[in-house]
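Have a look at it first, and then we'll go from the whole fold down to single residues.

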Amino acid sequence: MNKQDTVAVIMGGPSSEAEISRVTGTAIAEALVSKGYNVKKIELDPARLGSQLQECGAAAVFNAVHGMYGEDGRLQSMLEALNLPYTGSRVLASAVAMDKAATKRYLLAEHISTPECIIMNRREAQDLQALKQRICEVFGVPVVIKAASQGSSIGVVIAKEEAEVIPALEEAFKYSENVLAERCIKGKELTVALMEKDGVPEPLPVIMIAPHSGSYDFHSKYTKGATDYLVPAPLTESVTAHVQELAVRTYLALGLSGVARVDVMLDEAGQGYVLEANTVPGMTPTSLVPKAAAAVGISFPDLCEKILLSAK
């Protein structure tokens, strides 16, 4: 790509994760400018996106929109209609990865280890007592209740007592048409960033996530000092290989492209369980993907440039 061409870094928009997206987008824009690229930051206005891109003369798009539009396939559809190359996964892969219920079905179809779950629709929410009874009979407590279509742990609650199940369901249904009740896996929380090299996904070092509160919720993710990140994770070679293989299989099963991140729980017996995939992971110098890249000597500006050059 010619550095004189305009790179539009799109961020913000109507998502509940818009503010986080702006932090990501600003960091990416500054990194690309430091590499000599001509960058324009765009605050996503879906109704005006075409004119926004035309006005700035965009030749390529770096997608920094978390959540709605950026990760659910809608922005990707618009950019394909405009025939503009963009970073990250394509339309279908984005839509599937954003929907935790759809992701779960893909993982099960490909026999990729993932926590057992019950998928519930908003129509069933008219009888929360019946849902609670079903969930407790299958999983007991603690149990993870999560909205199917949110990121950044929004709409995710670990119900530790039976009395907490109905409030957790009510919280999750605020954000999503579908909600998952998932078996709670006790163990280590890990994440694996992946990047393509010659069309083949390559895993970066595994990161272990150790929140001080014991729960990697929104507060733990975005409050400085609330979580420790160990990279590379202190795991044996065989367990590391096992977790990275799960991440690669998930990347391929969902049809992802560009940079992505796969979250995995590792139980006390050393078995990994895939939780979800993130197609627009956080990209500030302190985010997880840059931490993994730094562990193999890739600086944040170089990482952003590599991702930009993968745009198609």
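How many helices and strands does the protein have? There are 11 helices and 13 strands, where helices (H or I, at least four residues) and strands (E, at least two) are DSSP runs, numbered from the N terminus. Keep in mind that this is a predicted model: local features need pLDDT of at least 70, side-chain atom pairs count only at pLDDT 80 or more, and totals for chains, interfaces and linings use all residues. Residues are numbered from 1 along each chain as its sequence is written, and side-chain values use heavy atoms, with hydrogens and water left out.

**The whole protein**

Along the principal axes, the C-alpha atoms fill a box of roughly 60 × 45 × 35 Å.

Of the 312 residues, 54% are buried; buried means under 20% relative accessible area, exposed over 50%, and partly exposed in between (1.4 Å probe, protein chains only). Now take contacts (heavy atoms within 4.5 Å). Among those between residues at least 6 apart in sequence, 65% join residues at least 24 apart.

What about the outside? The protein exposes about 13,600 Å², with carbon and sulfur atoms supplying 50% of it. Those areas come from the Shrake-Rupley method with a 1.4 Å probe, and for residues only the protein chains shown count as cover.

Helix α11 covers residues 300–309, and its buried residues are F300, L303, C304, E305, I307 and L308. Against which elements do the buried residues of α11 pack? They pack against β1 (6–11), α1 (18–34), β3 (58–63), β8 (187–197) and α10 (288–294).

In α4, the buried residues are A93, S94, V96, A97 and M98. Their packing partners are α3, α5 (100–109), α9 and β13 (272–278).

Helix α9 also holds S238. At 54% relative accessibility, S238 counts as exposed. S238 and G270 are 32 residues apart in sequence, and their C-alpha atoms are 9.6 Å apart in space.

Most residues other than glycine have a negative phi, and most peptide bonds are trans. Here are some that go the other way.

| Feature | Where | Angle |
|---|---|---|
| Cis peptide bond | V141 to P142 | omega about 5° |
| Cis peptide bond | V231 to P232 | omega near -5° |
| Positive phi | N83 | phi near 60° |
| Positive phi | D198 | phi near 55° |

You can find P142 in the loop between α6 (128–139) and β5 (143–147). P232 sits in the loop between β11 (227–230) and α9 (237–254).

Is N83 buried or exposed? N83 is exposed, with a relative accessible area of 67%, and it lies in the loop between α3 (74–81) and α4 (91–98). D198 is exposed too, at 76% relative accessible area; look for D198 in the loop between β8 and β9 (200–203).
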